[in-house]
Structures are given as structure tokens and as C-alpha cells.
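I opened my notebook to look up a few spots in this model. Here is what I wrote down, entry by entry.

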Amino acid sequence: MQIKLDYYEILEALEAYLLDKHNINCSLNDNPDYPYLDTTKVKYQTTKDPQTGNTTIDPNKTTYEPINVEINENSDISIYL
């Protein structure tokens, strides 16, 4: 199932979350530079054991890439369940 939220629905959901979980009552429409999201993309380096064929993740070679996402009037988010 796909649930698609447009810009205003995203803002409403974030505002409801901030109020419910952090008791912050604010309008995200007031500041045109926000909201934006910071997230981290994890990149795993894997190796394959030639004897067993099993693939393992090498924790010493795992990298983390910061990603910034700006939400604006052209944005939408799809949630897949």
C-alpha cells in the first residue's frame, strides 16, 4: 500500500508530531527556509566467503553519508506499507 503526502500534509504531520511528542506548538509555514531534514545513508562494504558463499558486512568499512533534504511546495513523500 502507498500513502502519499503532499507538502501541506507533511507540515501538518510534523507539527502534530512536535506537539504530541515534544510539546512544541509551532507553524512550520512561518519560515520559508524550513523544514528540512538531516538523515544518514549507511553504505555497507560486503565480502563473500569463497568457501561457503555467505556474504558478510565488514563493520570496519561501513561508511555514513549525511543527506540534507529540503521540504518545499514541490515536495511529496510516499510511505510504503
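Met1 sits in the segment before strand E1 (2-6) and is exposed at 66% relative accessibility (exposed means over 50%, buried under 20%, with a 1.4 Å probe and protein chains only).

A note on sources: this is a predicted model, where local features need pLDDT of at least 70 and side-chain atom pairs count only at pLDDT 80 or more, while totals for chains, interfaces and linings use all residues. Residues are numbered from 1 along each chain as its sequence is written, and side-chain values use heavy atoms, leaving out hydrogens and water.

Next I asked which residues form the largest nonpolar core. I found five: Tyr7, Ile10, Leu11, Leu28 and Ile71. Core members are buried and joined through side-chain atoms within 4.5 Å. I also listed what Ile71 touches beyond four places in sequence (heavy atoms within 4.5 Å), including Leu14, Pro35 and Tyr36.

Then I went to Ser75, in the loop between strand E5 (63-70) and strand E6 (76-80). Ser75 is buried, at 17% relative accessible area. Its side chain reaches the backbone nitrogen of Asn72 at 2.9 Å.

My last stop was Asn23, in the loop between helix H1 (7-22) and strand E2 (36-43). Asn23 is not a glycine, yet has a positive phi of about 55°. Most residues other than glycine have a negative phi. Asn23 is exposed, at 66% relative accessibility.

Methods:
Helices (H or I, at least four residues) and strands (E, at least two) are DSSP runs, numbered from the N terminus. A polar contact is a pair of N or O atoms within 3.5 Å; within protein, one must be able to donate a hydrogen and the other to accept it, and residues adjacent in sequence count only if both atoms are side-chain atoms.
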